[in-house]
Amino acid sequence: MLTLTAGEDLCLILFKQEHARPLFRLLEENRPLLERWLDWMVKIRTSEQMEAYILRSLAAFASGSQAHFGIWSSGVLAGSVTVERFDSHTRTAEIGYWLGECHSGRGLMTRAVLCTANWLFQERGANRIEIRCEADNRPSQAVALRAGFTWEGTLREAGFRQGQFVDHLIYSLLHKEWEETIPSTVNRKS
């Protein structure tokens, strides 16, 4: 399976069936925090449902439209970074991410986003990567900015969470910007 390295202590591993139990455990430990932002988690109440989610994500990966990675810090599952969609015609991808609360504040997510961006630009031929997050999700906004993404604007009532329409902010990073400012911590393809 696909593994991306983001330093000696951090790697991204494409989710496999065997990850269902640790992923479900991490979700359960962080459910109150995560369900605020991620409606899909409300529907996953068992490790079997998580396994079905992973199987769907593997089918989407096989079609080239998505990639769901676990973020592993020193061998421990800390969160996820996901290529939500990849449009091969426009070469545009959208990524989303979440981290268990006890793993936050150490720069793991910024490194995971940088690693995912590098993979999308270098291996998948992306020209544009987008991050969308709710207008009141300050931690996600901070990650996007630390990873070098540019805030483009507000998508009014672009989301629907807990029975209400919510605004989304959109951030982007272009391949030409990446080439100019690629972080030294990311392995550049030669």
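Biologist: Which residues does Val113 touch?
Modeller: Val113 touches Ile95, Tyr97, Ile131, Val143, Ala147 and Phe149, leaving aside residues up to four places away in sequence. Touching, or contact, means heavy atoms within 4.5 Å. This is a predicted model, where local features need pLDDT of at least 70 and side-chain atom pairs count only at pLDDT 80 or more, while totals for chains, interfaces and linings use all residues. Residues are numbered from 1 along each chain as its sequence is written, and side-chain values use heavy atoms, with hydrogens and water left out.

Biologist: How many residues are in the largest nonpolar core?
Modeller: The largest nonpolar core has 38 residues, and Val113, Leu120 and Phe149 have the most contacts inside it. Such a core is a set of buried Ala, Val, Leu, Ile, Met, Phe, Trp, Tyr and Cys residues joined through side-chain atoms within 4.5 Å. Buried means under 20% relative accessible area, exposed over 50%, partly exposed in between (1.4 Å probe, protein chains only).

Biologist: Where does the largest share of this core come from?
Modeller: From α3, which supplies 10 residues. Helices (H or I, at least four residues) and strands (E, at least two) are DSSP runs, numbered from the N terminus.

Biologist: What lies apart from that core?
Modeller: Another core, of 18 residues, including Met41, Ile44, Ile54 and Trp72.

Biologist: New topic. What is the strand order in the sheet?
Modeller: The sheet is open and has 8 strands, in the order β1-β2-β3-β4-β5-β6-β8-β7, with mixed pairing. Two strands pair if DSSP finds at least two bridges between them.

Biologist: Why is one side of β1 and of β7 left without a neighbour?
Modeller: Because β1 (3-5) and β7 (150-161) stand at the edges of the sheet, each with a single partner strand.

Biologist: And how many bridges join β6 to β8?
Modeller: There are 7, between residues 128-134 of β6 and residues 164-174 of β8, and these two strands run antiparallel. One of the bridge partners is His168 in β8, which goes with Glu134.

Biologist: Back to helices. Which residues of α1 are buried?
Modeller: Ala20, Leu23, Phe24, Leu26, Leu27, Asn30, Arg31 and Leu34. The buried residues of α1 pack against α2 (47-63), β4 and β5.

Biologist: Is Glu94 buried or exposed?
Modeller: Glu94 counts as buried, because its relative accessibility is 15%. Glu94 sits in strand β5.

Biologist: What does Glu94 touch?
Modeller: Thr82, Val83, Glu84, Arg85, Glu130 and Arg132, again not counting residues up to four places away in sequence.
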